[in-house]
Amino acid sequence: MTQLKHIKLYDTDFVLFKDGKPVESLYTIYGESSVKELFAEGFKLEEGEQFIKMTELPAEWQQKYIDSIKESYKQLGIVK
């Protein structure tokens, strides 16, 4: 098992937010192509919802997502 040193957030990854909070769990992150697919298939945002790039989230939320990713890696046994 390897040790996780750094998680990088990308501007091609998005999360769905409303009123300054995620609409879905911290484990739900969409790639740019997935967001495009959703809209192509007729997905509609609810009032006040928006997809936000991971790199444009406030620092507090970025850290929450990083911590969530690290925890999921640990639970899966990918890292210590």
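Modeller: Happy to! Let me begin with a term: buried means under 20% relative accessible area, exposed means over 50%, and partly exposed is in between (1.4 Å probe, protein chains only). This is a predicted model, where local features need pLDDT of at least 70, side-chain atom pairs count only at pLDDT 80 or more, and totals for chains, interfaces and linings use all residues. Residues are numbered from 1 along each chain as its sequence is written, and side-chain values use heavy atoms, with hydrogens and water left out.

Now the rings. Those of Phe, Tyr and Trp (its six-membered ring) pair if their centres lie within 6.5 Å; planes under 30 degrees apart count as stacked, over 60 as edge-to-face and the rest as tilted. By this rule there are five aromatic pairs. One of them joins F39 and F51: the ring centres are 5.8 Å apart and the planes stand at 80 degrees, so this pair is edge-to-face. F39 belongs to helix α1 (residues 32-40) and F51 to strand β4 (residues 49-53), so their contact ties together parts twelve residues apart in sequence. Here helices (H or I, at least four residues) and strands (E, at least two) are DSSP runs, numbered from the N terminus. F39 is partly exposed at 37% relative accessibility, whereas F51 is buried at 16%. F51 also pairs with F43 in a tilted arrangement, 6.0 Å centre to centre with 55 degrees between the planes. F43 has a relative accessible area of 26%, so it counts as partly exposed. Together with Y30, the residues F39, F43 and F51 form one aromatic cluster.
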